[in-house]
Amino acid sequence: MAEPLAPCPRRWNCVSSLGEPRRRHQIPPFEAGANPDAAFARLKRLVADTPRTRVTTVTDDYLHARCRTRIGFVDDLELRLCRKQGVIHVRSASRIGIHDLGVNRRRVERLRRRFTAG
């Protein structure tokens with residue numbers, strides 16, 4: 001079985017779809033639908049096409065990307081396909097700082113809108 005995504009730190013600079021106990025970190029996973037592999041492939045393409053984003057690791061069920069904010073900070077975006085659950089879990093976290101002012105949540109929700117739009 002694939003390794004789960006890391007839990008969010010106590011700081012206010014991370015969101016994750018994997019059972020976070022603190023509400024501020026919780027975000028829903030992406031629905032993978034009837035064809036999880038096709039959904040994950042599409043989501044990987046969307047991430048790769050996102051400005052200021054560089055995919056650093058990709059496998060058949062995992063993606064890690066480095067996302068540079070408009071002011072130059074680097075954040076980590078991770079996706080993990082869970083075929084049995086029919087979802088794609090997500091984690092987006094700032095590397096530094098205590099509070100990200102909602103940047104990671106907005107990143108994931110923009111990606112979700114693009115994913116569900118097409």
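This is a predicted model: local features need pLDDT of at least 70, side-chain atom pairs count only at pLDDT 80 or more; totals for chains, interfaces and linings use all residues.
Residues are numbered from 1 along each chain as its sequence is written, and side-chain values use heavy atoms, with hydrogens and water left out.

**Entry 1: Ser17**

I placed Ser17 in the loop between β1 (14-16) and β2. Helices (H or I, at least four residues) and strands (E, at least two) are DSSP runs, numbered from the N terminus. I then checked what Ser17 touches, taking contact as heavy atoms within 4.5 Å. Apart from neighbours within four places in sequence, Ser17 contacts Ile27, Pro28, Pro29, His89 and Val90. A polar atom of the Ser17 side chain lies 2.9 Å from the backbone nitrogen of Val90.

**Entry 2: His89**

I went on to His89, which lies in strand β6 (residues 87-94). His89 has a relative accessible area of 6% and is therefore buried. I looked for its polar contacts, meaning pairs of N or O atoms within 3.5 Å; within protein, one must be able to donate a hydrogen and the other to accept it, and residues adjacent in sequence count only if both atoms are side-chain atoms. The side chains of His89 and Ser17 are joined by a polar contact of 2.7 Å. Another polar contact, of 3.2 Å, joins the side chains of His89 and Gln85. Leaving aside neighbours within four places in sequence, I listed the contacts of His89, among them Leu5, Leu18, Pro29, Glu78 and Cys82.

**Entry 3: Phe30 and Phe115**

I searched for aromatic pairs and found 1 in the structure. Phe30 and Phe115 form this pair, edge-to-face, with 5.6 Å centre to centre and 90° between the planes. The pair links distant parts of the chain: Phe30 is in strand β2 (residues 30-31) and Phe115 in helix α2 (residues 103-117), 85 residues apart. For the cut-offs, rings of Phe, Tyr and Trp (its six-membered ring) pair if their centres lie within 6.5 Å; planes under 30 degrees apart count as stacked, over 60 as edge-to-face and the rest as tilted. I checked burial too: both Phe30 and Phe115 are buried. Arg112 lies over the face of Phe30, 4.7 Å from the ring centre. A charge sits over a ring if NZ of Lys or CZ of Arg is within 6 Å of the ring centre and within 35 degrees of the ring normal.

**Entry 4: Arg52**

I looked up Arg52 for its backbone: phi is positive, about 60°, although Arg52 is not a glycine. Arg52 lies in the loop between α1 (36-48) and β3 (53-58). Its relative accessibility is 43%, so Arg52 counts as partly exposed.

**Entry 5: the chain as a whole**

I counted 2 helices and 6 strands in the protein chain. From the N terminus on, they run β-β-α-β-β-β-β-α. The C-alpha atoms fill a box of roughly 40 × 30 × 25 Å along the principal axes. Buried residues make up 43% of the 118 residues. Of the contacts with a separation of 6 or more, 47% are between residues 24 or more positions apart.

Technical notes. Buried means under 20% relative accessible area, exposed over 50%, partly exposed in between (1.4 Å probe, protein chains only).
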